[in-house]
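Keep the viewer open as you read.

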Amino acid sequence: LIKAAVKAGAILGGASEAELSALTRYGEAIGLAFQIADDILDIEGTTEEIGKDAGSDQARGKATYPAVIGLADSKLRASELVEMALSSLEMFDIRAEPLREIARYIVARKS
């Protein structure tokens, strides 16, 4: 969904093919980083912080990133994806700063 939103915004904003490609890579990276961060929050967050029962993914046996590759590697992968997202924006100037901030926020969020 995140990739689709970023891509649609790029198309509506008149992005060139190179810009569309870069923004698509950005959307893919932050979309997956968001999911991994959500999986991590289910383990580390409180019910009040995350707005659902903490640990519910594990209790239901969901195949989350931490369940498959471990918590530490999940955190590392989320950080790597944020770096990939940021590097995909190198061709853009200061106008892309809000996108950079969104990418950084994704792994720092607590809810």
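In which helix is the place of Arg100? Arg100 belongs to helix H7. Before following that residue further, a word on the whole. The model is predicted. The protein has 7 helices and 0 strands. Read along the sequence, the pattern is α-α-α-α-α-α-α. The C-alpha atoms fill a box of roughly 45 × 25 × 20 Å along the principal axes. Of the 111 residues, 33% are buried. Among contacts with a separation of 6 or more, 62% join residues 24 or more positions apart.

Now back to Arg100. Is this residue buried or exposed? Its relative accessible area is 12%. The cut-off for buried is under 20%, so Arg100 counts as buried. Setting aside residues up to four places away in sequence, Arg100 touches Tyr26, Leu86, Leu89, Phe92 and Asp93. Two of these names lead onward.

Start with the helix. H2 covers residues 17-44, and H7 covers residues 97-108. Two packed helices are described by the angle between their axes and the distance between the axes. For H2 and H7, the angle is about 20° and the axes are 8 Å apart. Angles under 35 degrees count as roughly parallel. H2 and H7 are therefore roughly parallel to each other. The crossing of H2 past H7 is left-handed.

By class, the contact of H2 with H7 has 11 nonpolar, no polar and 1 charged residues.

With a relative accessible area of 14%, Phe92 is buried. Leaving aside neighbours within four places in sequence, Phe92 is in contact with Glu19, Ala22, Leu23 and Arg100. Take Leu23 from that list. Phe92 and Leu23 are 69 residues apart in sequence. In space, C-alpha to C-alpha, they are 9.9 Å apart.

Angles over 145 degrees count as roughly antiparallel. H2 passes H6 in a left-handed crossing. On the H2 side, the contact is made by Ala22, Arg25, Tyr26, Ala29, Ile30, Leu32, Ala33, Ile36, Ile40, Ile43 and Glu44. On the H6 side are Leu71, Ser74, Lys75, Arg77, Ala78, Leu81, Val82, Met84, Ala85 and Ser88. The contact of H2 with H6 divides into 15 nonpolar, 2 polar and 4 charged residues.

One more partner of H2 remains for this tour. How do H1 and H2 run relative to each other, roughly parallel or roughly antiparallel? Helix H1 covers residues 2-12. The axes of H1 and H2 cross at roughly 155° and come within 7 Å. H1 and H2 are therefore roughly antiparallel to each other. Their crossing is right-handed. H1 contributes Ile2, Lys3, Val6, Lys7, Ala10 and Ile11 to the contact. H2 contributes Leu20, Leu23, Thr24, Tyr26, Gly27, Glu28, Ile30, Gly31 and Phe34. Together the residues of the contact of H1 with H2 divide into 9 nonpolar, 3 polar and 3 charged.

Pick out Thr24 here. Thr24 lies in H2. At a relative accessible area of 12%, Thr24 is buried. Its neighbours, not counting residues up to four places away in sequence, are Lys3 and Lys7. The side chain of Thr24 also reaches the backbone oxygen of Leu20, at 2.7 Å.

Finish on H1 itself. Gly9 lies in this helix. Is Gly9 buried or partly exposed? Gly9 counts as partly exposed, at 41% relative accessibility. Gly9 and Ala22 are 13 residues apart along the chain. Their C-alpha atoms are separated by 13 Å.

Key
Residues numbered from 1 in each chain as written. Predicted model: local features only at pLDDT ≥ 70, side-chain atom pairs only at ≥ 80, totals over all residues. Heavy atoms only, no water. Axes fitted to C-alpha atoms, helices over the stretch in contact; angles between N-to-C directions. Helix = DSSP H or I, 4+ residues; strand = E, 2+ residues; numbered from the N terminus. Parallel < 35°, antiparallel > 145°, perpendicular 65-115°, else oblique. Left-handed = near helix turned anticlockwise from the far one by under 90°. Nonpolar A, V, L, I, M, F, W, Y, C, P; charged D, E, K, R; others polar. Buried < 20%, exposed > 50% of the residue type's maximum accessible area, 1.4 Å probe, protein only. Polar contact = N/O pair within 3.5 Å; in protein donor to acceptor, adjacent residues only side chain to side chain. Contact = heavy atoms within 4.5 Å.
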